[in-house]
Amino acid sequence: MSSIIYPITNLKATEQLVIDRGEGAYVYDKSGKQYLEGLAGLWCTSLGYGNEELIETIATQTRKLSFCHMFGGKTHEAGMQLSDTLAQMVPMDNARVFFGNSGSDANDTQIKLLRYYFNAIGKPEKRKIITRERAYHGVTVAAGSLTSLPVNISFFDPPVEALGILRTDHPHYYRGRLEGESETAFVDRITHNLEQLILREGPATIAAFIAEPITGASGVIVPPPGYYEKVRAILDKYDILFWADEVITGFGRTGSDFGCNSMHIERPDMMSFAKQLSSAYYPISAALIRGDMYEAMVEQSTKVGVFGHGYTYSGHPVACAVAGKVLEIYQRDKLFEHAATTGAYLQNRLAELAEHPLVGEVRGKGLIGAVELVADKASAKPFDGPDVINRAALQCQENGLLVRPVAGTSLAMCPPLIITREQIDELIAKLSQSLDETL
Ligand code: PLP
């Protein structure tokens, strides 16, 4: 037993699997047993394990310059280049980039950028943020207040009210629909609720609406067609910014470059990234805002002095160098196109599992998907607690497949972008066998 306090873990049941090494789409435990990484680590190891180009990039940059902070405008080539590459890639207007270390701190940064920006343009009252039920945006005190999953907020008392966090419906048709309600009627109802919330609170007090284009941690929920178009129209009507949390969906995951493009979200005002930005070879995150928001911040800083937000490791040179190489590999090896074709194959193969007696719903897009397990297929009755889902995940592990039980209801898949069709066949075969053995 080590001295670690394990993250997101039932503290009574720690150290259940000791991973020793990784290669390509596989990891190995101490005994040498092989596991297919069905969740790309934790939705992040897009280029798999042991990538020599990335190892070389890390070694070269570490030898050259192992650290350089960015306070006061001190900087380095790797960081400047990465920010420009990112700004050119994203579907935003003249994006500006703030670097951090994790998805949670990127979202914390965004909250502070919002405040700084609205103070700068003389609208200090515009500071509330709308998040959705079942959202996951991280676990720090501020980002954790945007998260809605009970397991992440119960007993931690996040300062939701102090931060002005509001919650609206989650767009999960399978679980959220009323009896007999069509998808269109469901979207109309929940977007109407959003508009009512805005009117109740006062549009002038609301800064932004945050959404994962497709959620990860709450079970890979793909909203119905038309949902984001309706949301965006309402936000535009009331002058509220769209903040896309692409910590999971960024960089090819959903079968196109960004989740926003897959889900028809036009030109978001803010975007958050981490995970696949560096394929998890080094921790790095990026909070992006529109260029004109940045210009207003510059004006404010000209008046008041230092913009006082930043981390020691903002723009860590080794993290920036490896992220730059990762983005280069995505383009060079056409991995977003690969994710589109192998993603379509994964979705077709996953759809076969809809017939399984334990499976209530199969969901996904591109190389991200989930199966929701139910106690009764006909009525969609969920299981009482997470035991069956946890058991199914352990059964997958037993069979050499790592997937993640999420939200107490579903098994999530998010394999590395480099996965092959044969490995997808292996994933489906192991998942299917494990579900049979869970019955
Ligand atoms: N935002 C989203 C959408 C996430 O899925 C996650 C993590 O899974 C985070 C933020 C938090 O990222 P991190 O765990 O790097 O703090």
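## Basis of the model

In this predicted model, local features need pLDDT of at least 70 and side-chain atom pairs count only at pLDDT 80 or more, while totals for chains, interfaces and linings use all residues. Residues are numbered from 1 along each chain as its sequence is written.

## Overall build

The chain has 15 helices and 16 strands (DSSP runs numbered from the N terminus: H or I of at least four residues for helices, E of at least two for strands). Its radius of gyration is 22 Å, close to the 22 Å that the globule rule gives for 439 residues, so the chain is as compact as a globular protein of that length (the radius is taken over C-alpha atoms, and the rule is 2.2 Å times the number of residues to the power 0.38). The C-alpha trace spans about 65 × 60 × 45 Å along its principal axes.

## An open sheet

An open sheet with mixed pairing is formed by 4 strands in the order β1-β2-β3-β14 (two strands pair if DSSP finds at least two bridges between them). Because β1 (19-23) and β14 (401-402) each have a single partner strand, they stand at the edges, and one side of each is left without a neighbour in the sheet.

Strand β1 pairs with β2 (residues 26-29) in the antiparallel sense over 4 bridges. Arg 21 has Tyr 28 in β2 as its bridge partner.

## Around the ligand

The ligand is surrounded by 15 residues, the closest being Ser 102, Gly 103, Ser 104, Gly 138 and Val 247 (near means a C-beta atom, placed from the backbone, within 6 Å). Helix α4 (residues 103-120) contributes the largest share of this shell, 3 residues.
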